[in-house]
Amino acid sequence: MREPIIILSEQEIEKMRQAGRLAAELLHHLGQMVAPGVSTLELNDEAEKWTKARGAVSGPLGYHGFPKSICTSVNEVVCHGIPSAAQVLQDGDIINIDVTPILDGFYGDTSKTFLVGNVDAESKRLVDVTLECLKLGLAEVAPGKRVGDIGAAIQQYAEAQGYGVVRDFVGHGIGRVFHAEPQIPHYGRRGRGQRFQKGMCFTIEPMINQGVWQIEVLDDGWTALTQDKKRSAQFEHTLVVTENGYEIMTLREGETFE
Ligand code: MF3
Ligand code: CO
Ligand code: CO
(Lines give C-alpha, C1' and ligand atoms only; values in the text may rest on other atoms or scores of the structure.)
(Ligands and ions follow the chains in the order given, each with its own letter.)
Protein backbone atom coordinates (compact mmCIF):
# COMPACT_ATOMS: atom_id res chain seq x y z
CA MET A 1 0.00 0.00 0.00
CA ARG A 2 1.13 3.54 -0.72
CA GLU A 3 1.78 5.83 2.21
CA PRO A 4 -0.83 8.56 2.46
CA ILE A 5 -0.16 12.08 1.23
CA ILE A 6 0.66 14.36 4.16
CA ILE A 7 -1.32 17.59 4.47
CA LEU A 8 0.47 20.13 6.66
CA SER A 9 -1.31 22.33 9.20
CA GLU A 10 -0.79 26.10 9.22
CA GLN A 11 1.64 25.68 12.15
CA GLU A 12 3.62 23.08 10.25
CA ILE A 13 3.68 25.26 7.14
CA GLU A 14 5.19 28.05 9.23
CA LYS A 15 7.92 25.61 10.35
CA MET A 16 8.53 24.70 6.72
CA ARG A 17 8.87 28.41 5.88
CA GLN A 18 11.60 28.72 8.49
CA ALA A 19 13.44 25.59 7.31
CA GLY A 20 13.06 26.69 3.69
CA ARG A 21 14.39 30.16 4.40
CA LEU A 22 17.43 28.66 6.11
CA ALA A 23 18.04 26.37 3.13
CA ALA A 24 17.78 29.35 0.74
CA GLU A 25 20.26 31.36 2.80
CA LEU A 26 22.70 28.45 2.95
CA LEU A 27 22.54 27.95 -0.81
CA HIS A 28 23.12 31.66 -1.39
CA HIS A 29 26.05 31.61 1.00
CA LEU A 30 27.70 28.61 -0.69
CA GLY A 31 27.08 30.13 -4.12
CA GLN A 32 29.23 33.07 -3.16
CA MET A 33 32.15 30.70 -2.57
CA VAL A 34 31.94 29.10 -6.03
CA ALA A 35 35.10 29.94 -8.02
CA PRO A 36 37.92 28.17 -9.84
CA GLY A 37 40.31 26.57 -7.31
CA VAL A 38 37.69 25.87 -4.63
CA SER A 39 37.22 22.19 -3.75
CA THR A 40 33.82 20.65 -3.24
CA LEU A 41 34.98 19.56 0.23
CA GLU A 42 35.49 23.24 1.15
CA LEU A 43 31.87 23.92 0.15
CA ASN A 44 30.75 20.92 2.23
CA ASP A 45 32.71 21.91 5.31
CA GLU A 46 31.42 25.47 5.19
CA ALA A 47 27.86 24.16 4.82
CA GLU A 48 28.25 21.90 7.85
CA LYS A 49 29.70 24.69 9.99
CA TRP A 50 27.13 27.27 8.85
CA THR A 51 24.22 24.89 9.46
CA LYS A 52 25.39 23.85 12.95
CA ALA A 53 25.93 27.48 13.93
CA ARG A 54 22.22 28.11 13.25
CA GLY A 55 21.06 25.22 15.42
CA ALA A 56 20.14 23.10 12.39
CA VAL A 57 21.29 19.69 11.14
CA SER A 58 22.51 18.70 7.66
CA GLY A 59 19.84 16.36 6.26
CA PRO A 60 22.08 14.52 3.77
CA LEU A 61 24.76 13.57 6.35
CA GLY A 62 24.19 9.89 7.15
CA TYR A 63 20.96 9.74 5.12
CA HIS A 64 20.92 6.11 3.89
CA GLY A 65 24.66 6.28 4.56
CA PHE A 66 25.41 9.40 2.46
CA PRO A 67 28.85 10.47 3.75
CA LYS A 68 28.71 14.29 3.49
CA SER A 69 26.53 17.27 4.39
CA ILE A 70 25.57 18.50 0.90
CA CYS A 71 25.54 17.11 -2.65
CA THR A 72 27.91 18.70 -5.18
CA SER A 73 27.33 17.58 -8.76
CA VAL A 74 29.81 18.85 -11.36
CA ASN A 75 29.37 18.76 -15.17
CA GLU A 76 28.32 15.21 -16.19
CA VAL A 77 27.26 14.36 -12.62
CA VAL A 78 23.46 14.40 -12.57
CA CYS A 79 22.98 14.40 -8.78
CA HIS A 80 24.25 13.01 -5.45
CA GLY A 81 27.87 13.99 -6.12
CA ILE A 82 29.96 13.48 -2.97
CA PRO A 83 32.12 16.45 -1.94
CA SER A 84 35.84 15.69 -1.93
CA ALA A 85 39.17 17.47 -1.44
CA ALA A 86 40.39 16.02 -4.74
CA GLN A 87 37.62 17.68 -6.72
CA VAL A 88 38.69 21.26 -7.41
CA LEU A 89 36.42 23.51 -9.47
CA GLN A 90 37.84 24.54 -12.85
CA ASP A 91 37.08 27.51 -15.03
CA GLY A 92 34.20 26.49 -17.33
CA ASP A 93 32.62 23.95 -14.96
CA ILE A 94 29.00 23.92 -13.91
CA ILE A 95 28.16 22.74 -10.39
CA ASN A 96 24.85 21.93 -8.76
CA ILE A 97 24.86 22.45 -5.01
CA ASP A 98 21.95 20.73 -3.24
CA VAL A 99 21.35 21.59 0.43
CA THR A 100 18.79 20.20 2.89
CA PRO A 101 19.08 21.57 6.42
CA ILE A 102 16.69 20.27 9.08
CA LEU A 103 15.40 23.04 11.34
CA ASP A 104 13.30 22.13 14.38
CA GLY A 105 12.46 18.79 12.74
CA PHE A 106 11.47 20.16 9.29
CA TYR A 107 13.42 19.77 6.03
CA GLY A 108 14.13 22.56 3.52
CA ASP A 109 15.43 21.14 0.21
CA THR A 110 16.80 23.36 -2.56
CA SER A 111 19.48 23.33 -5.23
CA LYS A 112 20.90 25.51 -7.96
CA THR A 113 23.41 25.05 -10.78
CA PHE A 114 26.19 27.64 -10.62
CA LEU A 115 28.60 28.67 -13.40
CA VAL A 116 32.32 28.52 -12.55
CA GLY A 117 34.17 31.36 -14.28
CA ASN A 118 33.69 31.47 -18.04
CA VAL A 119 31.27 28.78 -19.18
CA ASP A 120 30.66 27.87 -22.83
CA ALA A 121 27.43 29.05 -24.46
CA GLU A 122 26.03 25.53 -24.89
CA SER A 123 26.35 24.79 -21.15
CA LYS A 124 24.81 28.16 -20.30
CA ARG A 125 21.86 27.29 -22.50
CA LEU A 126 21.48 23.98 -20.64
CA VAL A 127 21.44 25.81 -17.30
CA ASP A 128 18.94 28.42 -18.55
CA VAL A 129 16.61 25.78 -19.97
CA THR A 130 16.77 23.77 -16.73
CA LEU A 131 15.77 26.81 -14.66
CA GLU A 132 12.92 27.43 -17.09
CA CYS A 133 11.85 23.79 -16.58
CA LEU A 134 11.53 24.38 -12.84
CA LYS A 135 9.47 27.52 -13.51
CA LEU A 136 7.20 25.72 -15.96
CA GLY A 137 6.69 22.92 -13.43
CA LEU A 138 5.81 25.37 -10.67
CA ALA A 139 3.29 27.13 -12.90
CA GLU A 140 1.28 23.87 -13.03
CA VAL A 141 0.78 23.71 -9.25
CA ALA A 142 -2.70 24.57 -7.91
CA PRO A 143 -5.50 22.68 -6.15
CA GLY A 144 -7.30 20.41 -8.61
CA LYS A 145 -4.38 20.16 -11.05
CA ARG A 146 -2.39 16.93 -11.11
CA VAL A 147 1.13 15.62 -10.63
CA GLY A 148 1.29 14.60 -14.32
CA ASP A 149 0.77 18.21 -15.39
CA ILE A 150 4.17 19.17 -13.93
CA GLY A 151 6.01 16.38 -15.71
CA ALA A 152 4.25 17.01 -19.00
CA ALA A 153 5.12 20.73 -18.99
CA ILE A 154 8.78 20.05 -18.18
CA GLN A 155 9.25 17.15 -20.58
CA GLN A 156 7.61 18.92 -23.49
CA TYR A 157 9.82 21.99 -23.13
CA ALA A 158 13.11 20.19 -22.39
CA GLU A 159 12.75 17.70 -25.23
CA ALA A 160 11.81 20.48 -27.67
CA GLN A 161 15.15 22.05 -26.75
CA GLY A 162 16.90 18.80 -27.65
CA TYR A 163 17.60 17.69 -24.08
CA GLY A 164 17.00 14.52 -22.08
CA VAL A 165 14.85 14.46 -18.92
CA VAL A 166 16.23 12.24 -16.15
CA ARG A 167 13.72 9.53 -15.14
CA ASP A 168 15.55 7.83 -12.26
CA PHE A 169 15.20 10.67 -9.76
CA VAL A 170 12.04 12.62 -9.03
CA GLY A 171 10.69 15.40 -6.82
CA HIS A 172 9.12 14.25 -3.57
CA GLY A 173 6.84 15.04 -0.68
CA ILE A 174 8.76 16.66 2.19
CA GLY A 175 8.09 17.92 5.72
CA ARG A 176 9.15 16.12 8.89
CA VAL A 177 10.73 13.55 6.56
CA PHE A 178 13.19 14.05 3.71
CA HIS A 179 11.40 11.95 1.08
CA ALA A 180 7.68 11.15 1.21
CA GLU A 181 4.78 10.58 -1.18
CA PRO A 182 3.92 11.89 -3.67
CA GLN A 183 6.69 11.27 -6.18
CA ILE A 184 6.93 14.12 -8.68
CA PRO A 185 8.36 12.89 -12.00
CA HIS A 186 9.73 15.53 -14.36
CA TYR A 187 8.19 13.70 -17.33
CA GLY A 188 4.67 12.43 -17.84
CA ARG A 189 1.21 13.11 -19.12
CA ARG A 190 -1.30 15.86 -18.44
CA GLY A 191 -4.37 14.97 -16.43
CA ARG A 192 -2.67 11.94 -14.87
CA GLY A 193 -1.61 11.23 -11.32
CA GLN A 194 -2.51 12.56 -7.90
CA ARG A 195 -4.51 15.78 -7.60
CA PHE A 196 -2.91 18.62 -5.65
CA GLN A 197 -4.53 19.71 -2.41
CA LYS A 198 -3.96 22.76 -0.26
CA GLY A 199 -1.29 22.01 2.38
CA MET A 200 0.62 19.41 0.32
CA CYS A 201 4.33 20.10 0.49
CA PHE A 202 6.78 18.75 -2.10
CA THR A 203 9.80 19.52 -4.22
CA ILE A 204 10.21 20.01 -7.96
CA GLU A 205 13.79 19.33 -9.04
CA PRO A 206 14.26 18.67 -12.75
CA MET A 207 17.57 17.15 -13.86
CA ILE A 208 18.07 17.95 -17.55
CA ASN A 209 20.80 16.37 -19.70
CA GLN A 210 22.52 17.79 -22.76
CA GLY A 211 22.31 14.35 -24.34
CA VAL A 212 20.47 11.16 -23.43
CA TRP A 213 18.28 10.88 -20.32
CA GLN A 214 19.89 7.65 -19.16
CA ILE A 215 22.18 7.69 -16.15
CA GLU A 216 24.53 5.32 -14.38
CA VAL A 217 25.60 5.21 -10.75
CA LEU A 218 29.27 4.90 -9.76
CA ASP A 219 30.58 2.16 -7.48
CA ASP A 220 30.41 4.60 -4.54
CA GLY A 221 26.67 3.86 -4.66
CA TRP A 222 25.73 7.56 -4.97
CA THR A 223 27.31 9.57 -7.80
CA ALA A 224 24.88 9.54 -10.74
CA LEU A 225 26.43 10.37 -14.14
CA THR A 226 24.95 10.82 -17.57
CA GLN A 227 25.42 7.65 -19.58
CA ASP A 228 26.91 9.60 -22.52
CA LYS A 229 29.08 11.82 -20.19
CA LYS A 230 27.51 15.00 -21.52
CA ARG A 231 26.58 17.64 -18.97
CA SER A 232 23.52 17.79 -16.74
CA ALA A 233 21.95 20.67 -14.79
CA GLN A 234 19.38 20.84 -11.98
CA PHE A 235 17.37 23.36 -9.97
CA GLU A 236 15.16 22.53 -6.98
CA HIS A 237 12.64 24.29 -4.77
CA THR A 238 10.43 23.15 -1.89
CA LEU A 239 6.85 24.45 -2.09
CA VAL A 240 3.44 24.17 -0.48
CA VAL A 241 0.12 24.11 -2.32
CA THR A 242 -2.04 27.12 -1.40
CA GLU A 243 -5.70 28.07 -2.00
CA ASN A 244 -4.97 29.36 -5.51
CA GLY A 245 -1.53 28.06 -6.41
CA TYR A 246 1.68 27.54 -4.50
CA GLU A 247 4.15 29.21 -2.17
CA ILE A 248 7.88 28.56 -2.59
CA MET A 249 9.52 27.90 0.80
CA THR A 250 13.11 28.08 -0.47
CA LEU A 251 13.05 31.32 -2.48
CA ARG A 252 16.32 33.23 -2.17
CA GLU A 253 16.33 36.96 -1.51
CA GLY A 254 15.76 38.83 -4.76
CA GLU A 255 14.84 35.65 -6.66
CA THR A 256 11.61 36.02 -8.61
CA PHE A 257 9.33 33.52 -10.30
CA GLU A 258 6.61 34.97 -12.44
N1 MF3 B 1 18.68 16.68 -1.72
C2 MF3 B 1 18.42 15.53 -2.55
C3 MF3 B 1 17.02 15.69 -3.06
O4 MF3 B 1 16.75 16.69 -3.63
C5 MF3 B 1 18.58 14.24 -1.84
C6 MF3 B 1 19.95 13.94 -1.45
S7 MF3 B 1 19.97 12.43 -0.70
C8 MF3 B 1 21.55 12.33 -0.17
O9 MF3 B 1 16.13 14.92 -2.86
F10 MF3 B 1 21.60 11.32 0.61
F11 MF3 B 1 22.33 12.24 -1.23
F12 MF3 B 1 21.84 13.42 0.47
CO1 CO C 1 14.72 16.96 -3.16
CO1 CO D 1 17.73 18.39 -2.89
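Modeller: Aspartate 109 bridges two metals, the cobalt ion (ligand 2) and the cobalt ion (ligand 3), which lie 3.3 Å apart. This is a predicted model, in which local features need pLDDT of at least 70 and side-chain atom pairs count only at pLDDT 80 or more, while totals for chains, interfaces and linings use all residues. Residues are numbered from 1 along each chain as its sequence is written, chains are lettered from A and ligands numbered from 1 in the order in which they are written, and side-chain values use heavy atoms, with hydrogens and water left out.

Take the cobalt ion (ligand 2). Its coordinating residues are Asp109 (OD), His172 (NE2), Glu205 (OE) and Glu236 (OE), at 2.0 to 2.2 Å. Donors here are N, O and S atoms within 2.8 Å of the metal (3.2 Å for Na, K and Ca); water is not among the atoms, so sites may look incomplete. Along the chain, the donors of the cobalt ion (ligand 2) follow the spacing D-x62-H-x32-E-x30-E. Aspartate 109 sits in the loop between β6 (106–107) and β7, and glutamate 236 in the loop between β15 (232–234) and β16 (237–241), 127 residues apart. Strands are DSSP runs of E, at least two residues, and helices runs of H or I, at least four, numbered from the N terminus. Both aspartate 109 and glutamate 236 are buried (under 20% relative accessible area, 1.4 Å probe, protein chains only).

Now follow β7 into its sheet. The sheet is open, has three strands in the order β2-β4-β7, and pairs antiparallel. Two strands pair if DSSP finds at least two bridges between them. β2 (71–74) and β7 (110–115) are the edges; each has a single partner strand, so one side of each is left without a neighbour in the sheet. The twist averages 20 degrees from one strand to the next. β2 pairs with β4 (residues 94–99) over four bridges, in the antiparallel sense. Valine 74 has isoleucine 95 as its bridge partner in β4.

Helix α1 (residues 10–31) lies across β4 and β7, at about 15 degrees to β7. Contact means heavy atoms within 4.5 Å. Axes are lines fitted to C-alpha atoms, for helices over the stretch in contact, with angles from 0 to 180 degrees between N-to-C directions.

Note on methods. Buried means under 20% relative accessible area, exposed over 50%, partly exposed in between (1.4 Å probe, protein chains only).
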